[in-house]
Structure formats: structure tokens, C-alpha cells
Amino acid sequence: MGSNPIGPTDRGRAGYGARPADVPADHDVPADHHVHSQWSHDTGPRASMAAACARAVGLGLPAVAFTEHLDFTDWGPDDPIAGTGITPNDQWGPRPFDVSGYLSCLDECRDRFPSLRILSGAEAGEPHLFAGSAAAVLSSGRFDRILGSVHTLPSRGRLVYARALLRREPADALMRRYFAEVVAMIEGSDLFEVLAHLDYPRRYWPEAAGRYQEQDFEEEYRAVLRALASSGRVLELNTASPLVSVSLLRWWREEGGRALSFGSDAHLPGHVGERFAEAAGLADAAGFRPGRDPFDFWRG
Ligand SMILES: [Zn+2]
Ligand SMILES: [Zn+2]
């Protein structure tokens, strides 16, 4: 974390830098559009939708979206991966997304926390490869926020978690492969609205590869941002990843991007809204402002 330190002049609105990182101001606080609860397959016993809502209320967040993981360990007949000869990742564990249980839990939380806008959602993993399976789940309920994510890449005929690949491929080559897959996802799927954690493997960047520098991948970032902007979609500022720079957010605007989402990617209630003050300062410095409604995306 913190591989992109920002200087005081980059902080934008005065005051953001003075607050603890996870306690935003009481106005212009972004909604958290990327939170996981007990309904995601990779959360532990302490994950709780109700506790995450309580945390959001405590922080003064206007809204929270529970974007549970939608990953598949097998393919169906309408999934493009079926024709590739690539085997899905089998590491996710056998916990399919229980949509009806999830939706009734959301309703209970909406009753319990009336001041908080609670949005439904899903984080579709590799939706360009699992188009049919993902669409079938998403059509079984109403989902307000759908994120698109690349977590795995093909390697030796199988989808492998990007973190594991960083241990067996040169980091910069893996990163370029990752960005190419993100472009393929954007161009190959209209199932999602928000691109989640656009440089995900950066979270696990090996020390031996030297300091991670966005400029080393500017061309690849811009290709991702251009594809996303041309389809009118939304970039996420993910605060579980090392925070992107103001420069990168300016690349987003230069490539035509107009909407920015904030996501903590919390898998525990205590991480909801984490580092949002700092993230809001970065967005502000790059020219993004709160949308018309407090639960909406920021606009630039
Ligand atoms: Zn993710
Ligand atoms: Zn996530």
C-alpha cells in the first residue's frame, strides 16, 4: 500500500488531509459501491451485512452497495469459455451465490437502517468468459450495481488467480497480460456498468520487481480507459488496492471518462468506507465532483 504517495498540493480540497483516512467529511462523502458481505464465497464468519451497514451509517456514507462475488468453477453452454479449451478456476470453493437469501437480507437491512440507501449488486468475475452463467444469475433478481472484474488469467490451459501468476511470471509481463484481458472483458461483455480495480495485480506487486510505477504502463492503462469510456461506463477508485494517482484519474478524463465510483472492496465490516477521505481528495484534484444525488457516481 502507499506506493503512490501524494504530496500536499495533490490533495485537492483543503481539510481532507487532516482527517483520519477512514473518517470523511460530513458532506460530499462518496457512496461505497463495492462491499462484500456473508453472501460472498470468499468472506469469513465475521462478514456481516448488518454490521457493514452500521459502519456505513457511523461514517456518514450516503449509500452502500453489496456487490457479492459472482464467480464460476464450471461453465455452461452459453459461456464463451466453453469454446476456448480453458478450464475455469476451481479455487473459489463450492458456494454459489444464494440470490434469494441475499435479497431478503438486503430487505431486512433496509428496514433496520432507513437513513442509509442500500443498493443491491454483484461483482461479476470474468463476465466475458461466463456470459451465460452470469446473465442467468443476474436475471433472477434486481441488481443496482454490477461490477466487472478480472481476477484470473489463462495459464497452461486453466484460469489462474492473478496473485499466483505473479509468483511464476515476470511481473511487468503479467501486468500487461492483465490489462489486455481487462480490455477483452470490456469489449466482450456489456453485463457490467463499473470496472472494478483496473490494476488488480498491483496489490500483490513483488518487491523484487522494483517500485510499481503507473507511468511504466501508461499505454496499457489508456487502452483500458479508452475502451471503458467509449462504452460509456464507470471507473472505480478501489481503496483496497494501492490508491491510483491524480495523474491516472486525469488520464481517465482525457480518454473520455466522465464517471467515477468509489469502492472499499471491504470483506469485513470495519473496512467499509476505508480511505475514502484520501480517495475523494484525489478525485477532487482530478476534477471529479459529487453527482446530482449523494448515492450517485462522481462526475468529471
Ligand atoms: Zn475483485
Ligand atoms: Zn470485490
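Biologist: Which residue of β3 stands opposite valine 64?

Modeller: Isoleucine 118 in β3 stands opposite valine 64. Note that this is a predicted model: local features need pLDDT of at least 70, side-chain atom pairs count only at pLDDT 80 or more, and totals for chains, interfaces and linings use all residues. Residues are numbered from 1 along each chain as its sequence is written, chains are lettered from A and ligands numbered from 1 in the order written, and side-chain values use heavy atoms, without hydrogens or water.

Biologist: In which sense do β2 and β3 pair?

Modeller: Strands (E, at least two residues) and helices (H or I, at least four) are DSSP runs numbered from the N terminus. Two strands pair if DSSP finds at least two bridges between them. Here, β2 (residues 63–70) and β3 (residues 117–125) pair in the parallel sense, over 8 bridges.

Biologist: What is the order of the strands in the open sheet?

Modeller: Read it as β1-β2-β3-β4-β7-β8-β9-β10. That makes 8 strands, with mixed pairing. β1 (32–35) and β10 (298–299) stand at the edges. Each has a single partner strand, so one side of each lacks a neighbour in the sheet.

Biologist: Which residues coordinate the zinc ion (ligand 2)?

Modeller: Look for donors: N, O and S atoms within 2.8 Å of the metal (3.2 Å for Na, K and Ca); water is not among the atoms, so sites may look incomplete. For ligand 2 they are His34 (NE2), His36 (NE2), Glu123 (OE) and Asp265 (OD), at 2.1 to 2.2 Å. Their spacing in sequence is H-x1-H-x86-E-x141-D.

Biologist: Is glutamate 123 buried or exposed?

Modeller: Buried means under 20% relative accessible area, exposed over 50%, partly exposed in between (1.4 Å probe, protein chains only). Glutamate 123 is at 0%, so this residue is buried. Histidine 34 is buried at 0% too. Histidine 36 counts as buried at 2%, and histidine 197 at 1%.

Biologist: Where is serine 241?

Modeller: Find the loop between β8 (234–238) and α7 (246–254); serine 241 is there. Its relative accessible area is 2%, so serine 241 is buried.
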